[in-house]
Amino acid sequence: MFPVGVGVLVSGGGSNFEALVAAARRGEIPEAAFPLLISNKPGVGALDRAARLGVPARVLDPKTFPDRAAYFDAVADALEKAGVRVVCLAGFLLKVEPNFVRRFAGRILNIHPGLLPRFGGKGMYGHHVHAAVLAAGEKESGCTVHLVDDEFDHGPVLAQARVPVRPGDTADQLAARVLEQEHRLYPAALRQFLEKLDKVETL
Ligand code: GRF
């Protein structure tokens, strides 16, 4: 079995990115290689992590492209050139455009810090999700890994993990509890996805 190139798109701290790479290096995602990380923002923590982990990284800033379609064509070009077959969105805050979804159809994964289909959609990212969960008086929350389609936080669910909401929780406390599960769930979901991908493609 030869490794599958996994490209990671980020906008921030990159702890999920590091969890994926670390799991692969521990042998928990034997099929995965990480040839390229792309950030849409300069100066973010994910870039420091990439440097430390020895993962090639680039900043592609949408402001330097005429429109979002042109931006996502450039992102897809860079990923393909690096040998990427599967894309993981890991704290990537831009909505991917249809041209990008078409080029990696059925091979884009995302992690969301809530139990989709609830608490997803436009504006529902990071702390907004945890604040909404608390405001709704939920007894549990969690995270979801799903395949990406043309709608925000939409597409077939691959895996979910649940955590309790404790009385008096702040959004920060809940975020930390969920993030711990994200770091476990994303590598496990990617591993399963890659195992199936290879079976389908070698038929
Ligand atoms: C995570 O909660 C992720 O689910 C969400 O944003 C956070 C990013 O964390 N989309 P990190 O950048 O992976 O540290």
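Biologist: Which elements each supply at least two residues of the lining of the largest pocket?

Modeller: They are α1, β5 (108–112), α5 (127–135) and α6, where helices (H or I, at least four residues) and strands (E, at least two) are DSSP runs numbered from the N terminus. A pocket is, on a 1 Å grid over the protein atoms alone, an open set of points where a 1.4 Å probe fits, with protein on both sides within 12 Å along at least five of seven lines, and lining residues have an atom within 4 Å of a point. This is a predicted model, in which local features need pLDDT of at least 70 and side-chain atom pairs pLDDT 80 or more, while totals for chains, interfaces and linings use all residues. Residues are numbered from 1 along each chain as its sequence is written, and side-chain values use heavy atoms, without hydrogens and water.

Biologist: And which one gives the largest share of that lining?

Modeller: That is α6, with 4 residues.

Biologist: OK, what takes up the space of the largest pocket?

Modeller: The ligand does, and the elements that give two or more residues to the shell around the ligand are α1 (15–25) and α6 (171–201).

Biologist: Which residues surround the ligand?

Modeller: Counting residues with a heavy atom within 4 Å, the ligand is surrounded by G13, G14, S15, N16, G91, I111, P113, L179 and E182.

Biologist: How far is the polar side-chain atom of E182 from an oxygen atom of the ligand?

Modeller: The distance is 2.5 Å, and an oxygen atom of the ligand is also 2.8 Å from a polar backbone atom of G14.

Notes: Polar contact = N/O pair within 3.5 Å; in protein donor to acceptor, adjacent residues only side chain to side chain. Sits in = over half its atoms within 2 Å of the grid points.
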